[in-house]
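Here are my notes on the dimer model, point by point. Keep the viewer open while you read.

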There are 2 protein chains.
Amino acid sequence: MSAASVAKRRDRDLVVTVFEQGSSISYSACSMPYRLGGMIDHPMRELVVLTPEDARKRGLDVRTRTRVTGVDAKKKQVHWVEVDSHEEGVESYDELVIATGAVPREAVPVAPSGGVFSLRSLDDGVELEAWLSRQGVERAVVVGAGFIGVELCEAFLARGLEVTLVNRSRHVLRSMLDEPLGHLVADRLEASGVRLVTGSTVSGWVSDDGTVHQVKEAETQKSPEGPALKAGTKQRRVRDGLQAAGELDRPVSRKGLSSQDPKAHPDASPVKQVLIDGKPTATDVVVVATGVQPDPRLAVQAGCRLHQDGSVWVDDSMRTSVKGVWACGDVVSFTHRVTGAPMFLPLALHANRSGRVVGTNLSGGDARFPGVLATAITRFQELEVASTGLTQTMAERHGIEVVVSDVDSETRAGYMPGEHPVRVRMVAELASGRLLGVQMVGAAGTALRIDAAAAMVWMEATLEQVEAMDLAYNPPFSPVWDPLAIAARITEKRRAP
Amino acid sequence: MSAASVAKRRDRDLVVTVFEQGSSISYSACSMPYRLGGMIDHPMRELVVLTPEDARKRGLDVRTRTRVTGVDAKKKQVHWVEVDSHEEGVESYDELVIATGAVPREAVPVAPSGGVFSLRSLDDGVELEAWLSRQGVERAVVVGAGFIGVELCEAFLARGLEVTLVNRSRHVLRSMLDEPLGHLVADRLEASGVRLVTGSTVSGWVSDDGTVHQVKEAETQKSPEGPALKAGTKQRRVRDGLQAAGELDRPVSRKGLSSQDPKAHPDASPVKQVLIDGKPTATDVVVVATGVQPDPRLAVQAGCRLHQDGSVWVDDSMRTSVKGVWACGDVVSFTHRVTGAPMFLPLALHANRSGRVVGTNLSGGDARFPGVLATAITRFQELEVASTGLTQTMAERHGIEVVVSDVDSETRAGYMPGEHPVRVRMVAELASGRLLGVQMVGAAGTALRIDAAAAMVWMEATLEQVEAMDLAYNPPFSPVWDPLAIAARITEKRRAP
C-alpha cells in the first residue's frame, strides 16, 4: 500500500491496481498483542490504518478478496481469482510490484476454530480475541519466545490467564539479544509468573475429541530456485510443497492448517492439551509464534532471484532481477548497514520505507533504500528491551572481530524513586573502535535510548565519539552520565587498555 | 571534585588539596526542585553525591568551610581562611585548578530568613524546604521562567501552593527553546493553574514589617578585565562590585543579599508582597530563578583571560591563559560544536566532564574537552521539553542561514491510550542540509528522543541521513515513522523543494 499510495500521489496519471487476497489492506499487526492485553481500547477490527475505501478515494483500484494466482513476466500479465465468487481474470501491467509479505513459520498445526492460533493477519487477531473471551479459557500456551511470544505473555497475564511459554532454548528474543541479555528477560518472565519451558518443543496438540494434531514431517521434494541464483548456491527449502504456478490458487501450504484464510480451516474440536516434547499439558488456547518466512511464490513464478532464505533479491532501488518487476515489504531482504549482507527483517518500518522507494521510482523518482540496522524495541510489562546494529552473535557469524562489554547503569538519577537499572551491552569493532551494536534491557526509560544508539551506529561513531557526545541529563530522565556514555567509556578501555 | 578525584585515582602520588567555602562538596543541584515537589523521598540533605569523608577516603585533602581569599600565580600560592575559626593560611601549589562555579544572577535581593530565596546551593534547598513547611505558606512567586523556574512551578503546584510565575516575556525556557515552542510550555503552565505574568519584572519585595527590599541600581564602576583580553574588546561588567583581591574574603557581592553563605544573611522579617512592575502582590515565599553567572574572581586574580560574559577562557585541555592554572566547571565557557564559539553553559555533565579532563591532564594524560551541543531536557508535569544544538535564535545570532520547520507528530502509535502529541522543531543549515538543532515539546516519550537528535547533530548528519536512519518502532514507544524521521523529511522538502 505504501508503494501504491506514493506512486499515485506523485503521478496522478498512473493507473495503480492493488490485489489483496484478504479483506484488510493495511492494519497494525504490531499492536495486536497490546489490544489482546487490553492496553488499547479500540476494537481489534479498528486497528486498520487504511480501509479499501480510503485507498479508493486516493485513486487506487483496490481489489480485496482477490488472489493473484499466476504471473507471466513475459506477457506482463497477472492472473487473478475472486475468492468469494471464484470469478477469474487477467490483468496486464507495465510494472509489477510484488509485496506478498511473510507467513507464519508454524512449528505446530494451527486451527483457529480449535483454539490453536498464529498471529499474523487481522483475522488471526480477531479470532484469537474472540476465543479468549470464551468461558473457561484460563490457561494459555505460547510457542516461541520472539517479540510476539513475549508480548503475548504480557497480554495473557494481563487477562488473568495462566501462561506457559515454550521455547527451544532459554535464549529468548534471540533475534535482537545475545544470550546473557536474553536471560534477563527470561528471569523477568518467570518472576512474573510465566511458566517458562525451555529446551523443549511443542510437537502438536490434542483436541477435546481426542484427535492428535501433529507436525507433519516436511516433504522432501525440493523447491524451485530463482533462476538468477548462482549455480551451486545451497538453497534451503523455500516453502513446503511450493512447486508450480498451478498451486498458487490455494493458500500457501504449511505444516498442517493455515490461518491465512479462516474459511480454509476445517472446524476443529477445541484444544485440550499441547504436547511438549511429546508430553501432554492441559491448556485452553495455544498461540504459535515461531516466526515468519517470506512468501515468494509469485516472485518465483515471475522468475525473480531469491536469497537462500527464500526472500526476494532486490537492489537498493527495490528492483528484482527481472525487468519490470519490483518487490518490497516483508518478502524481500534488506542490506544490513554494518555487515553489508542481506537480512530478512520483516518489520513495519522497512516494509513501509521499501514500499515508498518503489512508489517513488515507479513515478519517475530515484529513491534508494538506505539499509537497516535491525533496530527493535519491545517490552515485557515494566521491562523494556531494545537493540540496534550487530549483536555479538551476528558479528561472529560475519567474522567481524569485536569487543563486547556488559555495563550496568541506571535510566534515571539514583535518588529518583522506583527501580531504574539498565544493562547495556555494547559491541564495537576491535580494530577501529567503531560502535557496531547496542542492546539494552532495563526499567522505564530504556527502550527509547536505542534511537540514540541507532543514530550512532548509523553515523559510524567510534566509542570515543559516543563517550564525548552531549547527551541529556535531568534526574527524572537520566543520570549525569548517560548509560551509553558510560558503556562506551568502559568498552573503549577494554578495547585499548 | 571530578578533577581532584580523577587526578588522584590516576596518580596516587599526587598531593591533591581541595578548598571549599561551604560544607558540601558534591550535591545534586538538579534534583532540588524534584525533592521540593515531593518526587524524591530522600531528605534534601541526603542529595549529597560525595561527602568530604568519602573524598578523604580517596586520598584527597578536602578542606570544607575554608575560603580561598587570594591567588598569587607568580609565587604559586593561595591564601585561605577558615570560615568558622577565621584562621588564615597559605598553601603552595604546582598546578592550580579554579572551579569556583557560578552564582545566581538575582534580579531581586534574596533573604532566606525572610522567605526570599535563590536555589543554587544545597543550603538554599534546605532552607527553602524548611520555609515551605511553615504554617500559612500558601502562595508562591517564582521569578524567571528558565529550567529552575519551570521545575519549581511543578514542585509548588504539587505542594498545593498558588503559584505566580513572573517572566520578562512570554518566551519561557528561552535558553533551550525558540519562542513558538516556549509558548507551548507557557500555555501548559497556565492550563495547570500557574498565574503567568509576562512582560513584567519583580523589582523588589515588602516584608511583614513594612521594609521595602528593592534592587539596588548597579554600581557603575568597571570590573577588572582579564589581562589577556584583546584591547578594545568590549567587556560587560563581570560582577557588581568586583574590584580587587582585597574583596575576596567576603562572599561575592550581589544586588542585595547573598544566599551563598546563610550566615551572611541578616534576619529579615517575612515576605508579605512582591513588587511586580512596582505593584504589590501578596505572597508567602519568593524564589528568584533568573539564571546564574560565572564567579571568576579568583581567576581574575590569577591573571586569567576571561570571555565577555565573565567566564574563564580555557583551551580544550582546560588550561587557562596562565601557565599552571586550569579551570573547569561552571566558571568556564565551552566551545559549541556547531558554531565553534564559546558558550557559558553551566550544566552538570559539562562541569563533570571538564573536571575529568583537568584531572586526566594533571596526572600525565592528554584529554580534550570535546565541546557541547547545549543538550537539555526538562519537564513541567506531564509535558516533556528537550533541545539540542542550535535554536533558530542562536543560528541567527551566529549568522548561520538555516531552514526551520515545526512538525506535529506523536510519541506513540495513534491508537495507544492517552495523549501523545509532540511538536518537533528542526533547524538545518540551508546550504548543506546538515541538521544543526532539534527542539521538542510533548507528551511522555518526548524528552529521551533528544539523545538521538544529539547524536545526529554531533555526527553532522544531514536531514536525508536522519530520515534514512533505522529508528525503533513499537506501538507503546513510537509510531512507525519516528517524529525525527518525519520532521527531517518535511524539513528537507522545505530546504530543497
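1. Chain B and chain A bury about 5100 Å² between them, with 67% of that on carbon and sulfur atoms; buried area here is the accessible area (1.4 Å probe) that two parts lose on being put together, summed over both. On the chain B side, B:Y415, B:D470 and B:F477 lose the most area to chain A, together 15% of what that side buries.

2. Before going on, some bookkeeping: this is a predicted model, where local features need pLDDT of at least 70 and side-chain atom pairs count only at pLDDT 80 or more, while totals for chains, interfaces and linings use all residues. Residues are numbered from 1 along each chain as its sequence is written, chains are lettered from A and ligands numbered from 1 in the order in which they are written, and side-chain values use heavy atoms, with hydrogens and water left out.

3. In contact terms (heavy atoms within 4.5 Å), 57 residues of chain B touch 57 residues of chain A. The copies meet through the same surface, because 100% of the interface residues of chain B are also interface residues in chain A.

4. The elements giving two or more residues to the chain B side are α8 (348-362), β23 (376-380), α10 (449-458) and α11 (463-468). Helices (H or I, at least four residues) and strands (E, at least two) are DSSP runs, numbered from the N terminus. Of these elements, α10(B) gives the most, with eight residues.

5. On symmetry: chain B can be laid on chain A with an RMSD of 0.0 Å by a turn of 180° and a shift of 0.0 Å along the axis, superposing by least squares on the C-alpha atoms of residues with pLDDT of at least 70 in both. The two copies are thus related as by a two-fold rotation axis. In chain B, the C-alpha nearest that axis belongs to B:A452, 1.8 Å away.

6. Over all chains, the salt-bridge count comes to 40. One to click on is A:R56 with A:E53, whose closest N and O atoms are 3.5 Å apart.

Note on methods. A salt bridge is a side-chain nitrogen of Lys or Arg within 4 Å of a carboxyl oxygen of Asp or Glu.
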